[in-house]
Amino acid sequence: MTEPPSRLPATLGVLAIIAIVAAVVAIVIVHGGGEPGVAVPTPSTTATSAGPAGDSVVIDNPDARLSYRLPSGWVAEPDSAPEILGVRFTGAAAYGGYDCGGKAYSRAVVFSAAVQSRSDKRLDLRETGHRFAAEIAARFLAAPDTAPTDGEITEYDGHTGLVMTLPVTIPSADPDCEATEGTVTVLAVDLDNATATTKRGIALLVHVQDTAGGPDEPAPPPAADVQAIIDSLAVD
């Protein structure tokens with residue numbers, strides 16, 4: 001699978017970074033810029049289970065210490081394993097898949113991972129979330145440098161968390177097939193998982209979706225889906 005310099009891989013779609021995570025990763029977020037140094041072990045398998053109605057799925061990612069429910073209409077794609085800033089994500093889910101102009105697209109995706117410092121510096125929720133949100137928007141959506149909202153500190157299942165949003169204008173070459181606007185939402189959760197040699201890490205839950213452009217059908221998911229996923233979050 002090749003990755004065009006400013007577009008998503010065709011098999012992933014316009015917004016298909018695709019994933020819900022089952023990966024423990026070690027990463028250094030370099031304060032003030034620069035590329036992070038990373039060590040990415042082989043991820044384990046993400047567990048999924050059908051909901052009571054049989055039309056929704058719970059993703060349980062013990063390595064990332066997260067689990068959450070997919071709203072109706074989302075489809076797990078466990079074979080997808082994109083890599084962002086050296087961090088590998090596995091166990092994918094997407095919404096609104098379609099073919100157009102000989103390419104495959106998705107209207108929305110969701111993914112997550114746990115990142116942990118390899119240095120003696122504690123990771124910062126806002127800095128870590130901003131870094132990944134900006135990388136996703138720039139690398140996969142060809143968006144200009146735009147800072148996500150700072151968000152507000154909130155508690156998620158007993159852990160401190162922060163939600164950031166980044167509206168994106170997408171330079172689409174084919175607006176009949178490809179989105180022209182989208183949104184990246186990042187939830188960063190402080191994990192109490194320090195060891196004798198590393199500081200405690202941060203879990204990242206990321207939701208990306210089209211908001212304008214592309215075909216009339218399938219439409220992007222309901223705006224409430226991202227909040228429903230966040231509200232269903234359980235942190236181990």
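The conversation below takes the terms in turn and sets values against definitions.

Tutor: This is a predicted model, in which local features need pLDDT of at least 70 and side-chain atom pairs count only at pLDDT 80 or more, while totals for chains, interfaces and linings use all residues. Residues are numbered from 1 along each chain as its sequence is written, and side-chain values use heavy atoms, with hydrogens and water left out.

Student: What makes up the secondary structure of the protein?

Tutor: The protein has two helices and 17 strands, where helices (H or I, at least four residues) and strands (E, at least two) are DSSP runs numbered from the N terminus. Strand 17, residues 234-235, includes Ala234.

Student: Which class do Asp157, Gly151 and Ala234 fall into?

Tutor: Asp157 has 45% relative accessibility and therefore counts as partly exposed; Gly151, at 32%, is partly exposed, and Ala234, at 28%, is also partly exposed. Asp157 sits in the loop between strand 13 (153-156) and strand 14, whereas Gly151 is in the loop between helix 1 and strand 13.

Student: How do you know what Ala234 touches?

Tutor: Contact means heavy atoms within 4.5 Å. Not counting residues up to four places away in sequence, Ala234 touches Arg65, Leu66, Ser67 and Asp157. Under the same exclusion, Gly151 touches Arg126, Leu162 and Val163, and Gly129 touches Met164, Val186 and Leu204.

Student: How far apart are Gly129 and Ala188 in sequence and in space?

Tutor: Gly129 and Ala188 are 59 residues apart in sequence, yet 5.8 Å apart from C-alpha to C-alpha. For Ala234 and Asp60, 174 residues apart along the chain, the C-alpha atoms are separated by 9.1 Å. For the protein as a whole, residues 24 or more positions apart account for 65% of the contacts with a separation of 6 or more.

Student: What makes a group of residues a nonpolar core?

Tutor: A nonpolar core is a set of buried Ala, Val, Leu, Ile, Met, Phe, Trp, Tyr and Cys residues joined through side-chain atoms within 4.5 Å. The largest such core has 31 residues, of which Ile84, Val168, Val184 and Val208 touch the most other members. Strand 12 (108-116), helix 1, strand 14 (159-169), strand 15 and strand 16 each supply at least two residues of this core, and helix 1 gives the largest share, seven residues. Apart from this core lies another, of 23 residues, among them Val57, Tyr95, Leu191 and Val226. In soluble globular proteins, nonpolar side chains tend to be buried together.

Student: Which residues line the largest cavity?

Tutor: Lining residues have an atom within 4 Å of a point, and for the largest cavity they include Val110, Thr185, His207 and Ile230. Strand 15 (179-190), strand 16 (202-213) and helix 2 (224-231) each give two or more residues to this lining.

Student: What makes the backbone at Asp157 and at Pro218 worth a remark?

Tutor: Most residues other than glycine have a negative phi, and most peptide bonds are trans. Phi of Asp157 is near 50 degrees, a positive value in a residue other than glycine, while a cis peptide bond, with omega about 0 degrees, joins Glu217 and Pro218. Pro218 lies in the loop between strand 16 and helix 2.

Notes:
1 Å grid on protein atoms, 1.4 Å probe; cavity = no way out; pocket = protein on both sides within 12 Å on 5 of 7 lines; lining within 4 Å. Buried < 20%, exposed > 50% of the residue type's maximum accessible area, 1.4 Å probe, protein only.
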